[in-house]
Each structure stands twice: as C-alpha cells, then as structure tokens.
Amino acid sequence: METTSRVGAQAPDPEGAEADPAARRTVDGYLLAPFPWYGLDEAFTGPRWLMQVGSTADGSVEHGSIGHGEEPSVRSEGTQDTERFAVVVTVAANPVRRSADGTGVLDATSVSSAAWLAGVGLLSYTWPGQMDHTLRDDWLDQQTETAWVLADDLGSEDWATLSLPVDGVPTPFHYRESEYGWVLAGSTQAGVHLGAYGRGMSAYGLAFSVVKDIAELA
C-alpha cells in the first residue's frame, strides 16, 4: 500500500484493550491531538467511551477511536446477535514526512489507513464460533492481512459506496459487510479521515460530527 503505513497507523491491541480498560479511557492522548475528533452526531443519545490513541515514535498522535453503545467483548456465539455498538476512528490526514530522528520517511495517511484500522478494530472483538483459543492468534494474523489487502483496494467490488452526513454535509464512504459486522471509511472537510465499524447497529442511519468536548467522555 503506497499511501498507508502500518507503522504510522498501528492497529488496536485487542489483548491490551481487554487487559487494561482504564488505560483505554485516558483522555490525555486525545487532548494532545492537533486535529478534531469525530463521533456519531447528537442524534445518538446512548453511551460513548474512549478507546485508544495511536502515536508515532516521537509521541505525535495520529489516530484514535471513540465507541458508542454497548462496550463490546470478544464475540462468542452467545453474544454475536445481542451487542450493539459502533466505533468511530479518526485519522489525521498527514502527508509523506520525515521521521522525528530524521533517519526515515513516514508514509502519508489516507482513507485506506482509516479502512484498515476500522477493519482490524472489528476483528479485535471477533472470535468465530467453535475456534480453539490456541488458534485465534493465527486466525487474527491471517484476517488482519486480509483487512490490509481489502483496504489497499477501496475501488474493488468488495466495497460499496454509502453517503452519510459529516457535519451535516453528505459525504461518500466506502462500505463493506461481513459475517462479523460492518466497516466503512471516508474523508472529511476538516482534514481528517474517518473509519467506523460496528455490529448490531445499522451503518445506513449513521451521521458523524466533531466531538465538542472530548474531556467529557473520560
């Protein structure tokens, strides 16, 4: 993928997310971001919660996620049809630039970056039925690579086009569904890319807007 860096856009750590919920909710990283954070608009009146931020080696915040609805657990056969959640991923629209130490180059972020982060985020809360615990890491590695390939080709037949409001403006998104949930990705006029994923909540009725006070979610 020429315009997306898996170094600059690290995937969420499902094990860390489960092991340390308090760390996920810290607002400090969100407050350091030089870009606006997005979530579902005011039409969504349910719970909202902070997840993780992703940073470069020099500490610059590049992306983060905000959850809406029920906080998901790793999907099992008993929960796959009952959990209702949507997670919005905000990714800074950065150009190609030099690393902090001047020894390398960081790839540009893109809509594909948001699509990959959203795809991997959904996978982190997914556990196919009848799978042995010892096999999940292998499955997750394989599916993460698949998510990368899909995100690298947003023009393929695997993706449909969906128009959703962003700050009240109809905005095109790339959208796909799977047995595990749905994923979408697009760009905003505010200089960030948006990804989203969820289960149990329809993507077709969603709308996004800037979070006015991120500290209120801590």
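This is a predicted model: local features need pLDDT of at least 70, side-chain atom pairs count only at pLDDT 80 or more; totals for chains, interfaces and linings use all residues.

User: Fine. At what angle do the axes of helix 4 and helix 5 cross?
Analyst: The axes of helix 4 (residues 111–124) and helix 5 (residues 136–151) cross at roughly 155°, and they come within 9 Å.

User: Parallel or antiparallel, then?
Analyst: Angles over 145 degrees count as roughly antiparallel, and helix 4 and helix 5 are therefore roughly antiparallel to each other.

User: Is the crossing left-handed or right-handed?
Analyst: The crossing of helix 4 and helix 5 is right-handed.

User: Which residues make the contact?
Analyst: Helix 4 contributes residues including Trp116, Gly119 and Leu123. From helix 5, Trp139, Leu140 and Trp148 are among them. By class, the contact has 9 nonpolar, 5 polar and 1 charged residues.

User: New topic. What volume does the second largest pocket have?
Analyst: The volume of the second largest pocket is about 260 Å³.

User: Which residues are closest to its centre?
Analyst: Of the 13 lining residues, Glu42, Arg48, Val210, Val211 and Lys212 are the closest to the centre of that pocket. Strand 1 (38–40) and strand 11 (208–210) each give two or more residues to the lining. The lining divides into 5 nonpolar, 2 polar and 6 charged residues.

User: Last one. Where is Asn94?
Analyst: Asn94 is in the loop between strand 4 (85–92) and strand 5 (97–98).

User: And what does Asn94 touch?
Analyst: Leaving out residues up to four places away in sequence, Asn94 touches Glu62, Ala108 and Thr109. Asn94 and His193 are 99 residues apart in sequence, with 9.8 Å between their C-alpha atoms.

Terms used:
Residues are numbered from 1 along each chain as its sequence is written. Side-chain values use heavy atoms; hydrogens and water are left out. Axes are lines fitted to C-alpha atoms, for helices over the stretch in contact, and angles run from 0 to 180 degrees between N-to-C directions. Helices (H or I, at least four residues) and strands (E, at least two) are DSSP runs, numbered from the N terminus. Angles under 35 degrees count as roughly parallel, over 145 as roughly antiparallel, 65 to 115 as roughly perpendicular and the rest as oblique. A crossing is left-handed if the near helix is turned anticlockwise from the far one by less than a right angle, and right-handed if clockwise. Contact means heavy atoms within 4.5 Å. Ala, Val, Leu, Ile, Met, Phe, Trp, Tyr, Cys and Pro count as nonpolar, Asp, Glu, Lys and Arg as charged, and the others, Gly among them, as polar. On a 1 Å grid over the protein atoms alone, a cavity is a set of points where a 1.4 Å probe fits but cannot get out, and a pocket is an open set with protein on both sides within 12 Å along at least five of seven lines; lining residues have an atom within 4 Å of a point. Grid points are joined across faces, edges and corners, and a volume is the space filled by probe spheres set on the points.
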